[in-house]
Amino acid sequence: MTPQIVTLTVNSRTHQVALGAHITLLRALRDLGYTDVKNGCEKGDCGACAVLLDGKAVNSCLVLAWQADGAQINTNAGLGTQENPHPLQVAFADHGAVQCGYCTSGAIIAAHALLEANPAPTETEIRQALSGNLCRCTGYGQITEAVQAAAAVMQKVKGG
Amino acid sequence: MKRYTAKPLPPVNLPELRQVGKPLRRVDALGKALGTTSYAGDFTMPHMLHAKAFRSTEPHARIRRLDIQRARAFPGVVCVLTASDLPDGKLASDMPGQTGQKRRSGSDVQILAAEIVRYVGEPIALVVAETIEAAEQALELIEIEYEILPGVFDPLEAMKPGAPTVYEPDNIVARWKFRRGDVETGMTAADLVITNQFKMPFVEHAYLEPEAGLAWVDEQGVINIRVCTQVVEHFRSIARALNVPQNRIRIRGTMVGGGFGGKEDITVEILLAVAARHTNRPVQMVYTREESFSAQSKRHPFVITHRTGVTRSGRITAAEIALIADSGAYPYLSPYVLLYAAGMATGPYRIDNVRIDAAAVATNQTFTSAFRGFGGPQACFAYEQQMDAIAQQLGMDPLDFRRINYLQTGDKTASGQVIESAAWLEETASRALEALGEKTPDHDAVKIGWGFSSYFQSYGRITWLHDTSRAWVGLEVDGTVVIRCGTPDLGAGQVNSLAQITAEILGVPLENVTVYSTDSAVTPLAGTSTATRQLYMSGNAISMAASEIRRVLLERAQKLFEEDLDNLDIADSRVFVKDRPEHSIPLADLAAMCAAEGLELHNLAQFNAPFSEPIDPETGQGRIWPDFTFGSMAVEVAVDTETGEVDILKSIACHDVGRAINPDSCRGQIAGGSLQGLGYAVMEEFKLHNGHIMTPSLSEYLIPTSLDFNPTEVIMLESGSGVGPFGAKGIGEPALTPAAAAVANAVADAIGVRIHEIPLTPERVLAALEKVAAR
Ligand code: FES
Ligand code: FES
C-alpha cells in the first residue's frame, strides 16, 4: 500500500500528509495532534470521535482519511477558546453536562450539527440527535439541558 | 399501590455557606468542554514506541508452543516480550493480611502468562514496535499451540468436589461469615418463613475511555508512567513486581475518562513499565475497546438466597442469607467485594438474628473486581426484592412493611456496627414515591407497575485497612491558592470538591484556586479514588490544611485590627471585621505581610479514618466501615406483555447526601449512577459461553443511550450528619445501588409475577408471563 498525499483542512489549518489508504480519519486527526477527537471504540458505536465534515457530523472512525481529502473538518477544540468559548462549550461546563469529559467533544459536535439544522430543538429532538453519543457518566439529562441552554443563547445572539 | 406523602424531615441546622453548597462551574469543566484536557492516550514523546498485547483465546489451556520469531522479525518491531523475559513476572492480586484470610499461592496475576492461561484475554506476549500498525501486524504473526484444559464456568459447579480447579487446592477464593443472635430461635418466632433466590450477571464498566498510558525511564532512572488510573499508589505493586525500589516508579495520573471501579486494578501500567524498562524508550499503550472488555474486570455475578422469618404483624425475626460470587480467573478484589455484599446483605433493616455465609469462587472467566457499588447493588437487588415478596405474602403495603423494620440511628448492622449518622430511609422512600405522582393507566397489552427500593451503602474504606489521605494547600502572596493532592479525578468532581472546600475556607473565588493532583511522586498521597472515599478522606484532609492557613491569617489579622478572632472572616479575597466590614484588608496584602514575617501560609495535613481491628472471622462481628449513605429509588415501568419489553417511564432517586458540596455535581452523580443502575436492571449483561465472550464490543454489549429512558429525577436531602467535610456523606457508589431492585419490584407489580434474575430482558419477562398464564 503506497501512501497517498491527502489534504486535510482542520479547524482552518491545512495539512498535507502521506497516509495509507486504510488509515481512518480518526487516526489521521489524532496523529496530527487533534486529540480532542477521542477514540472510544473505533467502529461507530460510541460517537466520541465525532467531527464536522463539511458541516455534517460524522464518526471519524468510520471515514477513511482519503475520503476527507480537500474537505473542511471541524473538531470541538476548533469551536472556541478559553477566552472565547462557544456557547455550547459554556453551557456544557455550566450545566453539569461534563463529568469525565471523554464523550464531551463528540457530544458538542453532534449538538452543533443539530443546532445548525434546527436552532430551537425540543428535548426529544436533542435526545434523538445525540443518541449516537454514548455517555456513561451523566445520565444525559444535564447534557440535554445544556444543549437547550446553548440554543437559547445562540438564538439571542442571532436575533441581535 | 396507594398514594404516598413525604415523611416530614427532622429539623437540621445547616449553616448557609458562601461557596460550598453552590452549583459553581467545576474547575475541570471548561477544559473538558473545550477539548483541551489531555487524557492518558493523548500524550506522545519523541522516539515513542507502541505496545500491543497478544492475548489468550482459550479460557483454560496449557501453552504448548509459543513462537514469536516471525513477529520479532517483522519490520518495525523492536521486541516481543514473553514470560521468559520476566523471571518473576507476578503481580499480587489478592491482598495478604488485609482480608484476614490466608493468601492463596498460585493465585497471583501473571504479567504475561507463562504456562497456563486461565481466561480469554489473558496477556501472553507483548509486541513493542515503532508504529502502532507494525505492532498490530506483528500480533498476527505470533504462533501459539494450546493444550486445552477442562474449564469451569459456573461458580456452583466450581464448588463441587472434582470440579476442574482454576488454581490449587480448590476454587474457593474467599469466605465470610456473619453470626448475630440465634437464627433458629428467630425462625421459630416467625409466623412465616420466606425463601427466594436471586441472580445477577457479569456487567461491564463501559467507561468511554479505554485504558491507556505512556511510560518512560527518566534521567534519574525512575520509570514514569502516565496512566488513567483510580489508584496512583499502584507504584508500590509495580515496584515489587519489577523488583525495583518504590521510589523508582512514578505514576503520573491523568484526568480519567470514567473509572467506576474498572481502573482500580492495575491495567496498562505494568505492561508499559516492563516495555519501557526493556527498550529504554518511551512506550505508549492504548487498549482497543475489545481489549478493554476482555482484559479488565467485570462486576461480580452473584447468586443470593434469602430465607427470612417474619411475624404476621410485619416484624422480621431472622434472616439467613447465602451469597456466592463468581470471582472469574483471578481473585483481584473479590474478597472485599464479597465482604461488602455480605456485610450489607440484610439491607437497611433491624434484624437481631442473622446468619450469613458468603463465598467467592474462581472460574475460567473474565476476572471480576471493583465496580461502582462493590457488591452493594447485588446485595440490594436481592434484599429489596425479598422485602417486597414478604410484604406481598403478608398482604401489607411494601412501605408500611419496611417502616416497621428500617434501621434507625443507633441500631446495629449484621456485623454489630452501630449506625451513627442519620438513617433517612422512610424519608427518602416516601419522597421518591410521592414524586411518582399519578400512576399512568394500563393500556392494551401494556401493564404499568410501580416499585421502589431502599438501601444503605458504606462510604470510605474498610476501617481495619487504616485509611489515610494527605493534602497540601498553599496561599500565594498575591492571594491565589495552590492545592497539591494525590486524588485521581474520575470525572465525578473529586478535584473540584477539594477546590470548592478550600475556596470556602480561605474566602477566595473558586477561579483563584489551582489544583495539582494524581501524581504519586509530587502530590501528597491521598489514597485511591474508590470506595466513595475521596470527598470523605481528602475532603477532610484539605479542610484541615486550609483551616490551618486560615488560622494563621486570622491570627495576624487579629493583631492588625485588634479584634476578637471570631469577629473576623474572609470572603471575596478580603479579610474583614464581621460587625464593621469597612475594616478590611485585601487577602493578598495580608498574605504578603505574613510572608514577610516568615509566617507559614502552606500546610500539609493528613486525615486518618477511624482505625479498627479486623472483624471476628467466625462471627463477623466488629466495625467494618466509617459510615453509611441511605436513600431510595422509585420507578414506574411499562411492561408490554406481548413483546416482553420493559420501559422505564419515570424514575425518582432520593438520597441523603449529608451535604452537597456542589449540588450540580452531586445531582450528576445521582443521575448518572441511576442510569447505570437502570441499564443493569433491564439491558446489560456481559455474556460468556464456556469462557468465550459473546458481547465483545459496544455493538453487542449495549449501554443506555440518550433515548432509552427518561432522565432520573433527583431529590437531594441534606441531613448534615455525614463524616465528610461540612457533614457530607458519599454518593458516588450509592447512586447506583437501589435502581435494579426498584425496577424488578415495579415489573412484579405490573405483571403480577416476580422475576428473580436481571437483566429483565423481553425473553425473561415473556417466560414469567407464561408461568402466570399456566397457573
Ligand atoms: S470511536 Fe468512532 S464511534 Fe466510537
Ligand atoms: S462525561 Fe463521561 S462519558 Fe460522558
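This is a predicted model: local features need pLDDT of at least 70, side-chain atom pairs count only at pLDDT 80 or more; totals for chains, interfaces and linings use all residues.
Two strands are said to pair if DSSP finds at least two bridges between them. E12(B) pairs in the parallel sense with strand E13 (residues 249-253) of chain B, over five bridges, and B:Asn224 stands opposite B:Arg250 in E13(B). Together with helix H6 (residues 235-242) of chain B, E12(B) and E13(B) make a right-handed β-α-β unit.

E12(B) also has a partner in strand E11 (residues 212-217) of chain B, again over five bridges but in the antiparallel sense. Here B:Ala215 stands opposite B:Ile225. Five residues lie between the strands of this hairpin, where B:Gly221 takes a positive phi near 85°. Is E12(B) covered on one face or on both? Both faces are covered: B:Ile223, B:Ile225 and B:Val227 are buried on one side, and B:Asn224 and B:Arg226 on the other.

Helix H10 (residues 376-394) of chain B has 19 residues and reaches 26 Å from its first C-alpha to its last, close to the expected 27 Å. Because 17 of its 19 residues are buried, H10(B) is largely enclosed by the rest of the structure. Just after H10(B), B:Gly395 takes a positive phi of about 70°.

Of its 32 lining residues, the closest to its centre are A:Arg27, A:Asp31, B:His50, B:Ile132 and B:Gln284. The lining divides into 10 nonpolar, 12 polar and 10 charged residues.

Key: Residues are numbered from 1 along each chain as its sequence is written. Chains are lettered from A and ligands numbered from 1 in the order in which they are written. Side-chain values use heavy atoms; hydrogens and water are left out. Helices (H or I, at least four residues) and strands (E, at least two) are DSSP runs, numbered from the N terminus. The expected span of a helix is 1.5 Å times one less than its number of residues. Buried means under 20% relative accessible area, exposed over 50%, partly exposed in between (1.4 Å probe, protein chains only). On a 1 Å grid over the protein atoms alone, a cavity is a set of points where a 1.4 Å probe fits but cannot get out, and a pocket is an open set with protein on both sides within 12 Å along at least five of seven lines; lining residues have an atom within 4 Å of a point. Ala, Val, Leu, Ile, Met, Phe, Trp, Tyr, Cys and Pro count as nonpolar, Asp, Glu, Lys and Arg as charged, and the others, Gly among them, as polar. A crossover is right-handed if, with the strands pointing away from the viewer, the path from the first strand over the helix to the second runs clockwise.
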